[in-house]
Amino acid sequence: MPPIISIQQLNKVYDSGFQALKEINLEINAGEIFALLGPNGAGKTTLIGTVCGLVRPSNGQISVADLDIARDYRQVRSKIGLVPQELSTDAFESVWATVNLSRGLFGKPPNPDYIEKLLRDLSLWDKRKNKIMTLSGGMKRRVLIAKALSHEPDILFLDEPTAGVDVELRRDMWAMVHELRQRGVTIILTTHYIEEAEEMADRIGIINRGEIILVEEKQTLLAKLGKKQLTLQLPEPLAAVPEGFAEFALELAENGNTLIYTFDAQAEQAGIAALLKRLAERGVDFKNLKTSESSLEDIFVSLVREKGEG
């Protein structure tokens with residue numbers, strides 16, 4: 001099956017000379033949840049803007065469902081829903097009116113049953129007659145989501161959708177994402193909450209300084225780049241790592257109270273048995289041990305730092 005979004009050799013250079021996007025090549029599969037991670041200013045919002053037709057690329061090609069975004073702009077836009085970062089809504093309109101208007105702008109016939117379900121799913125039904133200017137920031141965010149979904153798009157872009165919102169909205173938001181995905185909607189999100197990407201995404205792309213530095217299946221990424229650590233708590237602090245452990249590259253932490261052994265989680269022989277045997281032979285005692293895995297956040301920070309130094 002061809003990708004629902006295909007981006008080839010995409011560049012964006014602003015009049016100031018700043019290059020926001022550099023040779024972006026990316027394909028998004030139909031029905032997947034794709035998380036785009038990157039530090040502030042990395043180019044996430046610019047990339048979304050070019051696909052949605054809000055930012056004019058300097059060069060490159062973008063197709064959505066085999067439609068060229070420049071040549072078939074209206075058809076492409078009707079397939080896309082966008083939840084932007086900014087809380088820009090029609091302040092004097094009611095919730096019901098603005099969501100219905102958004103649906104009509106895309107040429108969709110009225111469907112009050114669908115709009116009612118949408119507002120109920122987003123806990124907006126009781127606020128349907130309220131003017132948007134009277135709503136809290138979290139409720140305004142819900143209205144933006146309702147507007148983006150009003151015309152039943154095939155693709156939904158969520159640009160930092162849960163930044164600065166309450167826990168309840170975040171929970172409702174991800175419940176809706178699961179439901180949309182089950183209906184076949186393709187979802188592309190940017191987020192600062194890396195644990196959300198770790199929980200929700202099928203694939204993860206990392207962008208830094210306008211370049212895509214990695215695209216990988218989430219589980220493959222965690223397995224390939226994740227490290228495991230064995231932590232040994234000592235009954236008495238040590239001044240240094242004992243002699244005879246050079247091949248294990250042990251680290252001493254917590255004022256000498258902890259020994260840390262880092263190993264490759266995918267290696268056939270992790271070396272733990274050999275390490276424990278050596279500790280016993282050398283008379284190094286410990287009172288507790290535990291293992292831990294690298295999180296997606298650890299991997300993300302490591303990759304961005306490595307690219308920045310490169």
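**View 1. V83 and its partner across two paired strands.** In this predicted model, V83 stands opposite L158, a residue of strand β7. The strand β7 covers residues 155-159 and pairs with β6 in the parallel sense, over 4 bridges. Strand β6, which spans residues 80-83, is covered on both of its faces, with I80 and L82 buried on one side and G81 and V83 buried on the other.

**View 2. The largest nonpolar core.** The largest nonpolar core holds 41 residues, and L158 is one of those that touch the most other members, together with L118, L119, L149, L156, V177 and I187. Helix α5 gives the most to this core, contributing 7 residues. Apart from this core lies another one of 26 residues, among them I5, I24, I48 and I155.

**View 3. The surroundings of L119.** Leaving aside residues up to four places away in sequence, L119 touches V95, W96, V99, L124, W125, R128 and A146. Two of these neighbours, W96 and W125, return in the next view as an aromatic pair, and R128 returns there as well, lying over the face of W125.

**View 4. The pair formed by W96 and W125.** The model contains 3 aromatic pairs. In one of them, the rings of W96 and W125 have centres 6.0 Å apart and planes at 75°, and because planes over 60 degrees apart count as edge-to-face, the pair of W96 and W125 is edge-to-face. W96 belongs to helix α3 (residues 95-105), whereas W125 is in the loop between α4 (112-121) and α5 (137-149), so the pair ties together parts that are 29 residues apart in sequence. W96 is partly exposed, with a relative accessible area of 27%, while W125, at 15% relative accessibility, counts as buried. R128 lies over the face of W125, at 4.0 Å from the ring centre.

**View 5. The aromatic cluster around F245 and F248.** The rings of F245 and F248 have their centres 6.4 Å apart and their planes at 50°, so this pair is tilted. Both F245 and F248 are buried. Together with Y261, these two residues form one aromatic cluster.

View 6. T46 is found in helix α1, which runs over residues 44-51, and T46 is buried, having a relative accessible area of 13%. When residues up to four places away in sequence are not counted, T46 touches K12, Y14, A20, L21 and V55.

**View 7. The chain as a whole.** The chain has 310 residues, of which buried residues make up 43%. Among the contacts between residues at least 6 apart in sequence, 69% join residues that are at least 24 apart. The chain exposes about 16100 Å², and carbon and sulfur atoms supply 47% of that area.

Conventions:
Residues are numbered from 1 along each chain as its sequence is written. This is a predicted model: local features need pLDDT of at least 70, side-chain atom pairs count only at pLDDT 80 or more; totals for chains, interfaces and linings use all residues. Side-chain values use heavy atoms; hydrogens and water are left out. Rings of Phe, Tyr and Trp (its six-membered ring) pair if their centres lie within 6.5 Å; planes under 30 degrees apart count as stacked, over 60 as edge-to-face and the rest as tilted. Buried means under 20% relative accessible area, exposed over 50%, partly exposed in between (1.4 Å probe, protein chains only). A charge sits over a ring if NZ of Lys or CZ of Arg is within 6 Å of the ring centre and within 35 degrees of the ring normal. Contact means heavy atoms within 4.5 Å. Accessible areas come from the Shrake-Rupley method with a 1.4 Å probe; for residues, only the protein chains shown count as cover. A nonpolar core is a set of buried Ala, Val, Leu, Ile, Met, Phe, Trp, Tyr and Cys residues joined through side-chain atoms within 4.5 Å. Two strands pair if DSSP finds at least two bridges between them.
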